[in-house]
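Here is a short briefing on side-chain contacts. Look at the sequence and the structure first, then read the points below.

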Amino acid sequence: MKLHSFFLLVIISVAGIMMLQACGDKFQEPIFPNTLTADINELTWVGDSSFTSAVVSENNGFVNILISSVNGSNEGIYLAISSRPEDVSGTHQVTSQANGTFIAYSKPGSTPGLESHNSFNCTSTNGTIIITEFDSKNKVITGEFTGNVCNQTGEQLKIANGFFYRLAY
């Protein structure tokens with residue numbers, strides 16, 4: 001009976017480990033409100049929640065969203081979306097400056113708000129910002145993003161697994 005219980009415990013333990021591994025590693029860390037994180041060239045970047053914000057305004061029938069996050073080294077990630085109110089939640093493609101949607105980055109030591117890299121310096125503009133929660137009652141926004149940003153000389157950075165959670169606006 002003891003041997004049967006031991007094998008049952010081993011099987012349950014192995015199954016539990018496999019289930020945890022199947023969940024993936026996207027959200028290993030606890031996610032707190034006012035969080036923005038991303039992988040920049042495969043290195044994890046986390047913004048300081050004290051310097052992470054979203055600003056939402058309406059103008060000429062469009063909702064304009066600007067998200068910014070800076071860490072302790074003054075390294076920052078900036079996102080912008082311009083959309084009709086009914087289309088805010090969902091996928092926004094970074095295709096040209098004209099559509100008002102972009103991803104930008106400022107390298108460590110930069111003046112906050114002045115990006116060194118943006119979507120439009122790349123020879124091929126690509127990126128996606130997905131708004132998964134736009135709660136106008138509680139004034140919070142959640143979503144994810146990915147894309148490439150380049151500086152004026154063409155140096156490219158790959159931003160992947162970008163995620164922002166319940167940013168207050």
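This structure contains three aromatic pairs. The model is predicted.

**Aromatic pair: Phe134 and Tyr169**
- The ring centres of Phe134 and Tyr169 are 5.5 Å apart, and their planes meet at 5 degrees, so this pair is stacked.
- Planes under 30 degrees apart count as stacked.
- Phe134 sits in strand β9 (residues 127-135), while Tyr169 sits in the segment after β11 (156-168), so the pair ties together parts 35 residues apart in sequence.
- Phe134 is partly exposed, at 24% relative accessible area.
- Tyr169 is partly exposed too, with a relative accessible area of 24%.

**Aromatic pair: Phe163 and Tyr165**
- Here the ring centres of Phe163 and Tyr165 lie 6.2 Å apart with planes at 15 degrees, so this pair is also stacked.
- Phe163 is buried, because its relative accessible area is 10% and buried means under 20%.
- Tyr165 is partly exposed, at 27% relative accessibility.

**Salt bridge: Glu133 and Arg166**
- The whole structure has one salt bridge.
- It joins the side chains of Glu133 and Arg166, with an N to O distance of 2.5 Å.
- Glu133 belongs to strand β9 and Arg166 to strand β11, so the bridge ties together parts 33 residues apart in sequence.
- Glu133 counts as partly exposed, at 22% relative accessibility.
- Arg166 counts as partly exposed as well, at 26% relative accessibility.

Key: Residues are numbered from 1 along each chain as its sequence is written. This is a predicted model: local features need pLDDT of at least 70, side-chain atom pairs count only at pLDDT 80 or more; totals for chains, interfaces and linings use all residues. Side-chain values use heavy atoms; hydrogens and water are left out. Rings of Phe, Tyr and Trp (its six-membered ring) pair if their centres lie within 6.5 Å; planes under 30 degrees apart count as stacked, over 60 as edge-to-face and the rest as tilted. Helices (H or I, at least four residues) and strands (E, at least two) are DSSP runs, numbered from the N terminus. Buried means under 20% relative accessible area, exposed over 50%, partly exposed in between (1.4 Å probe, protein chains only). A salt bridge is a side-chain nitrogen of Lys or Arg within 4 Å of a carboxyl oxygen of Asp or Glu.
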